[in-house]
Amino acid sequence: MGSRRTKAGIVAATAALLMAGTALPASATQITSIQSTSWSYIDSAQPGKSFVNPAGDAPIGAKVDHGQKHVSKSYFTFDLSGLRGTKVLSAELSGKETAVADCSAPRGTELWVTAPAKKAPTWNDQPRELTKLAGPGSLDVCPSDYLDWDAAPVLQQAIDAGRTSLTMVLRLPDGQQHNPRFGRTYRPLLYVSLEKNQPPSTPTALKTGTHACAETPLVRHGGAAMSATVSDPDDYSFTAEFAWWPVDHPDQRATGTDDVYGSGAYFDPDSRLADGVTYAWQVRAKDSLATSAWSETCRFTTDFTPPATAPVITSTDYVYEVPGKGGVGIPGDFTLDAGGDTQVVGFQWQAGYTDSGYVAADRPGGKATVRYTPRDDGPMSMSAYGLDAAGNYGPSGDYRFFVARNGPSMTCTPARAFLGETRQCTFAPHGTDGATEYLYKIDNGPEVTLPAGPDGTAAISVTPTDAAKSYRVSVRARMTNGNLSGDGGGQIDIDRGAPTVDAPADAMVGKPVVLTLHAVLPGSTSFTYDWDYGEPATVPVGPDGTARVTVVPDRPYYHTIRVSTTTAAGLVSATNEESVQVGSDGPAITSTEFPECCEGGYVTTPGTFTFSSQLPGVVSYTYSYFGAAPVTVPAGPDGTASVVLTPLTTDTQYLDVTSTSADGWVSQPGYYRFYPKSAAPPLVCDGTGNLRPGQVVHCTLTPVQPGLAAYGYRIRPNGETGPDVVVQPGADGTGAFEFTAPATDTKIWLYVDAWSVNAAGQRTDKSYTSYYVDPAASAANRATHAV
């Protein structure tokens with residue numbers, strides 16, 4: 001059937017290309033269809049007439065009508081103008097039978113390519129029939145809805161011959177066309193479905209960098225990038241091949257490729273170019289089956305050697321002097337000088353962060369003038385590079401200068417006033433710059449334009465009402481040269497009326513503290529305050545402009561009060577934040593034996609600690625010593641109390657004390673820290689180095705503890721706990737003891753702890769020493785004696 005014939009044709013064409021060694025990606029081809037653009041038929045009964053695009057179906061063969069016999073052929077023409085240069089891979093021509101005289105008669109339909117005809121064919125003037133197409137294949141029905149012929153050879157032949165149209169004739173063979181039994185009619189349209197490939201178009205719009213092909217630019221590194229517009233009728237993905245060569249050495253032709261996706265091709269040959277050479281180049285497009293013609297030829301010349309001289313920049317309008325010259329918006333001339341380096345034909349300059357440009361030199365190696373208008377005042381710089389004709393940058397030259405401040409001045413009357421009072425602020429131009437108008441804004445508000453008067457000044461009226469706002473005026477003048485000046489203006493001086501606070505010097509925690517608030521802002525009627533950032537409260541301003549408020553501090557040291565005032569008109573002053581020092585009511589603690597400042601008496605030495613309070617009516621003190629349970633002691637008639645405490649360790653000792661008054665008031669705690677000295681007896685033993693098992697070591701203890709009654713020591717092999725041994729002191733207070741290193745088959749540590757005890761049984765902190773008991777030491781001794 002026809003569908004099988006179509007697939008077979010495509011497969012056969014593809015196989016042929018692969019056998020020829022040509023890759024055939026699907027994207028290199030296009031499947032499309034064309035239909036006949038016109039048809040006509042001829043009739044033997046009217047031999048001199050042609051029937052062009054008539055209504056009805058296309059007849060072939062013989063039929064008898066009203067006793068007269070008509071023999072017909074039908075002609076179909078295809079437009080090939082869109083297929084110029086096409087490679088036809090497969091093509092199937094198809095048509096449809098509409099009527100058959102006798103389906104039992106064999107189908108003999110033929111399709112021929114005819115010679116080109118200058119006029120419509122007639123029976124008497126038929127175009128020559130050149131090539132018969134193979135076929136047709138047909139569906140197994142009669143009449144057949146689908147007949148097909150292999151049209152690839154005849155289409156390719158016509159395209160290769162440059163024909164823009166192709167005419168075919170549908171007819172019966174000579175042996176059947178005069179027999180009415182074989183007559184048939186066809187739909188008056190034929191279709192060709194084809195798989196084709198057309199070559200890419202010849203590239204156009206060639207450029208070297210940014211230069212059109214007609215130019216021969218001088219290019220620096222990176223300036224010889226070659227580009228072109230390319231297209232392929234069948235696909236958007238193909239390859240562009242660039243070729244370049246020295247003009248005087250075409251034998252040194254080099255190539256590079258670019259994979260194209262769309263219409264732009266690009267290749268940069270920079271790394272393969274030599275300095276000072278004129279190159280020609282061209283490009284062509286290629287898909288996997290066809291190649292376009294080479295494009296036109298472009299040229300460029302390389303120059304990879306930059307200028308060697310840095311430009312010198314000078315100016316008399318702007319110099320490196322404080323406070324500077326000119327100003328923002330005032331143009332000045334800067335001279336750039338290449339110093340005779342003839343490679344330099346122009347300068348690339350930059351000033352500040354935003355202004356830059358290119359200016360040509362008056363001659364190679366000459367000078368140029370840049371007229372620059374500063375945008376900022378203060379220290380600035382200008383830099384410039386010399387450029388050659390290819391755009392190569394030479395070294396940079398730099399110039400530093402100062403731009404004078406030229407912002408307009410502002411004078412306010414009165415110079416200082418309270419919040420809510422109106423000021424008249426006058427703007428005046430800087431020096432002789434003049435002003436036609438002023439652009440000003442207050443803080444971050446909108447910018448307002450204000451015309452200047454005949455004398456160049458202008459005035460605004462400002463009434464500050466918000467204590468939180470800065471009221472800084474920023475103003476620029478539109479100078480008589482039309483440019484804007486630098487920024488001027490300044491801060492409007494405002495007394496924001498923050499109230500003041502008087503606090504007593506003897507404020508104490510837990511006791512009422514009276515604070516006096518003083519209004520400053522005229523017309524204030526109330527104070528609003530908060531204590532330690534709590535809920536705000538409002539109180540009226542008294543006739544004398546003050547108010548008194550009472551607070552009860554719940555903790556000592558620093559507290560904060562914040563206060564502002566409000567006028568009858570609702571104007572709110574600035575807020576004053578003050579720190580109030582509140583003293584602690586905690587007891588004072590002193591000790592002669594154990595002062596808080598430094599190291600005191602020995603461990604186990606009793607110390608007397610005296611408690612006192614600045615509060616009246618104290619009846620008792622409660623203390624907690626070194627984490628022990630609290631103890632309460634009565635106060636004496638003078639309001640003080642003393643306790644005796646004995647430290648038993650050298651650790652820092654902690655003593656916290658509160659007082660209780662007759663009214664039941666319990667104070668904040670007072671804190672005391674002290675540091676006992678060690679009373680451990682010095683321990684000296686005659687054993688040195690490693691001990692051998694059974695070795696006897698003698699030790700001596702020297703007294704330190706006041707009221708010494710006895711010594712004690714303990715031997716601990718490998719850190720194990722041993723028994724406590726009591727040593728009685730001699731007449732001189734020293735103590736002595738000895739111990740024997742234990743027998744052992746392995747090395748062990750031996751620890752010795754020693755202490756002293758007073759008559760109350762209070763033990764001091766310990767002295768320590770340690771040894772290493774080594775069995776190898778005995779063996780070494782025996783070996784020495786044997787020798």
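Biologist: How many bridges join strand β50 to strand β53, and do they run parallel or antiparallel?

Modeller: In general, strands of a sheet pair through backbone hydrogen bonds, either parallel or antiparallel. Here β50 (residues 618-625) and β53 (residues 653-661) run antiparallel, joined by 7 bridges. Tyr625, for one, has Leu655 in β53 as its bridge partner. On terms: two strands pair if DSSP finds at least two bridges between them, and strands are DSSP runs (E, at least two residues), numbered from the N terminus. Keep in mind that this is a predicted model, where local features need pLDDT of at least 70, side-chain atom pairs count only at pLDDT 80 or more, and totals for chains, interfaces and linings use all residues. Residues are numbered from 1 along each chain as its sequence is written, and side-chain values use heavy atoms, with hydrogens and water left out.

Biologist: What is the strand order of the open sheet of 5 strands?

Modeller: Read it as β48-β54-β53-β50-β51, with mixed pairing. β48 (599-602) and β51 (631-634) are at the edges with a single partner strand each, so one side of each has no neighbour in the sheet. On average, neighbouring strands here are turned by 35° against each other, direction ignored; the axes are lines fitted to C-alpha atoms, with angles from 0 to 180 degrees between N-to-C directions.

Biologist: And which order does the open sheet of 4 strands have?

Modeller: That one goes β27-β26-β29-β30, with antiparallel pairing. β29 (residues 378-387) pairs with β30 over 9 bridges, in the antiparallel sense, and Gly378 has Val403 in β30 as its bridge partner.
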